[in-house]
Amino acid sequence: MNNRRNFLAGAGVITAAVSAAAVSRVAMAALPEPVLQSKPDTMPPLEPNTGRPYNPVVTLNGWTLPWRMNNGIKEFHLVAEPVVRELAPGFKGHLWGYNGQSPGPTIEVVEGDRVRIFVTNKLPEHTSVHWHGQRLPNGMDGVSGLTQKSIQPGKTFVYEFAARRPGTFMYHPHADEMTQMAMGMMGMWITHPKTKHPLIDEVDRDFVFLLNAYDIDPGAYTPKIMTMLDFNIWSWNSRVFPGIDPLVVRKNDKVRIRMGNLTMTNHPIHIHGHEFTVTGTDGGATPKAGRWPEVTTDVAVGQMRQIEFVADEEGDWAFHCHKSHHTMNAMGHDVPTLIGVDHREIVKKITNVIPDYMVMGERGMADMGEMDMPLPDNTARMMTGEGPFGSVEMGGMFSMVKVRKDQKAGDYKDPGWYKHPLGTVAYEWTGALPNPARFASEGGQSMKAQNMPAKEVEVQIRKPVMGSGAMSGMKH
Ligand SMILES: [Cu+2]
């Protein structure tokens, strides 16, 4: 008889075949029942109920794969298969992933654990799994053609090795990678230290997610797989803002965030209101002498970065990739910059032909966040997120670290918007504005240019017209 346990996790119910001494001989001989998950919510940490204890991680908009213990070996079952992933509310993708979701579940083990992973291929083509960053026997490294035969559709392969090095790792196919990673096949792997480690601190909250990217045309469901640079969906764990959950912590919690990058470009990840140190990379824990405070760290392609900080400032702190194109969704790339360009005449002409014609970007692109444009079905709005003060004008790789003094230990529920103490929010100046004082010597001091055009170039600037404000009287 299988010892099964149901646990209610957020809105989703996971049916798990968990380890127990009661698992019968028949069940032992069979594969562990695959555990599936389809809810896009952040699942609570999976408390280990067998093996060496550890402080489990929380996978952002994801979950951790349960295992069964079989004669001292931790057995996992990964199923590579097509999945439907909700990338944001109202926007779904036809992706490939593992066990019902992309990315696949996080695998969590302890240094020294002997691990057996069954991988069943339910994809229409062969695959393999590479355990990115691990020390393991060469034949378990998962490079199809080089270290193993590829796993044909319908077949199951077994990987077995010991988790030798504590740290943060990833897994992904090493077979038709361009397709399979563009479709979302990847996951994270955490190996906790088996005893107190001089370079690995205990933390109160331990988050993990993958940086990944897709190229999905507005209105389409399936990513384009030939894309190398022009991705339009920049996601964390195959979710885009405002579909990414906040990272909720209690004031003065020590917080660790682990990120792996399986996109085709680097991501400078930036936190507001706090400084962090990078305490780990792909190669393991960072020596103490090599740690310095930062507010942005670049995560290059194929890299893992682990950051730590004490969340001692209350608030809703933005946490995002600092490439501004990566905090946008489904953006066209061929839009000229029209800021300050007077196109009233041309718009009149176009509206004779296309009555609904709308000019993008005359006043910057911020209007796009609030504008209710007709979009094709299944399209992530370019930038959205309704904040307490209006549109947040962000998409893609953006979330918040929400720090609250009354958050309970182990409680990850969204506490709502931060209630700012009186007098601590930026406010509008309503007094008079003096004209800016400009230096008489401004300009004219640079090195003389060669080949100057005979005639000065005339540039017209349009300033926004302010009704009765002080700016309308400014002269230039
Ligand atoms: Cu980025």
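Start with the salt bridges, of which the structure holds 19; a salt bridge here is a side-chain nitrogen of Lys or Arg within 4 Å of a carboxyl oxygen of Asp or Glu. The model is a predicted one, where local features need pLDDT of at least 70 and side-chain atom pairs count only at pLDDT 80 or more, while totals for chains, interfaces and linings use all residues. Residues are numbered from 1 along each chain as its sequence is written, and side-chain values use heavy atoms, with hydrogens and water left out.

**Salt bridges**

Select Arg205 and Asp253. Their closest N and O atoms are 2.8 Å apart. Arg205 belongs to strand β13 (residues 205-214) and Asp253 to strand β16 (residues 253-261), so the bridge ties together parts 48 residues apart in sequence. Strands are DSSP runs of E with at least two residues, numbered from the N terminus. Arg205 and Asp253 are both buried. Buried means under 20% relative accessible area, exposed over 50%, and partly exposed in between, with a 1.4 Å probe and protein chains only.

The criterion for a charge over a ring is NZ of Lys or CZ of Arg within 6 Å of the ring centre and within 35 degrees of the ring normal. For another case, select Lys402 and Trp417: the charged end of Lys402 is over the tryptophan ring, 4.4 Å from its centre.

Next, select Arg404 and Asp316, whose side chains form a salt bridge at 2.7 Å, N to O. Arg404 is in strand β25 (residues 398-404) and Asp316 in strand β22, so this pair ties together parts 88 residues apart in sequence. Arg404 is buried at 5% relative accessible area, whereas Asp316, at 23%, is partly exposed.

Move to Lys224 and Asp215, which meet in a salt bridge at 3.9 Å, N to O. Lys224 is partly exposed, with a relative accessible area of 39%; Asp215 is buried, at 7%.

To see a network of salt bridges, select Asp201, Asp206, Lys254, Arg256, Arg258 and Glu308 together.

**Copper site**

Select the copper ion with His267, Cys321 and His326. The ion is coordinated by ND1 of His267, SG of Cys321 and ND1 of His326, at 2.0 to 2.1 Å. Donors are N, O and S atoms within 2.8 Å of the metal (3.2 Å for Na, K and Ca); water is not among the atoms, so sites may look incomplete. Along the chain the donor spacing is H-x53-C-x4-H. His267 lies in strand β17 (residues 267-271) and Cys321 in strand β22 (residues 315-321), so these two tie together parts 54 residues apart in sequence. Both His267 and Cys321 are buried.

**Aromatic pairs**

The structure holds 13 aromatic pairs. Rings of Phe, Tyr and Trp (its six-membered ring) pair if their centres lie within 6.5 Å; planes under 30 degrees apart count as stacked, over 60 as edge-to-face and the rest as tilted.

Select Tyr98 and Tyr171, an edge-to-face pair with 5.4 Å centre to centre and 70° between the planes. Tyr98 is in strand β6 (residues 91-98) and Tyr171 in strand β11 (residues 167-172), so the pair ties together parts 73 residues apart in sequence. Both tyrosines, Tyr98 and Tyr171, are buried.

Then select Phe161 and Trp189, whose ring centres are 5.6 Å apart with planes at 25°, so this pair is stacked. Phe161 in strand β10 (residues 156-162) and Trp189 in strand β12 (residues 187-192) are 28 residues apart. Phe161 is buried at 6% relative accessibility, and Trp189 is buried at 0%.

How values were computed:
Helix = DSSP H or I, 4+ residues; strand = E, 2+ residues; numbered from the N terminus.
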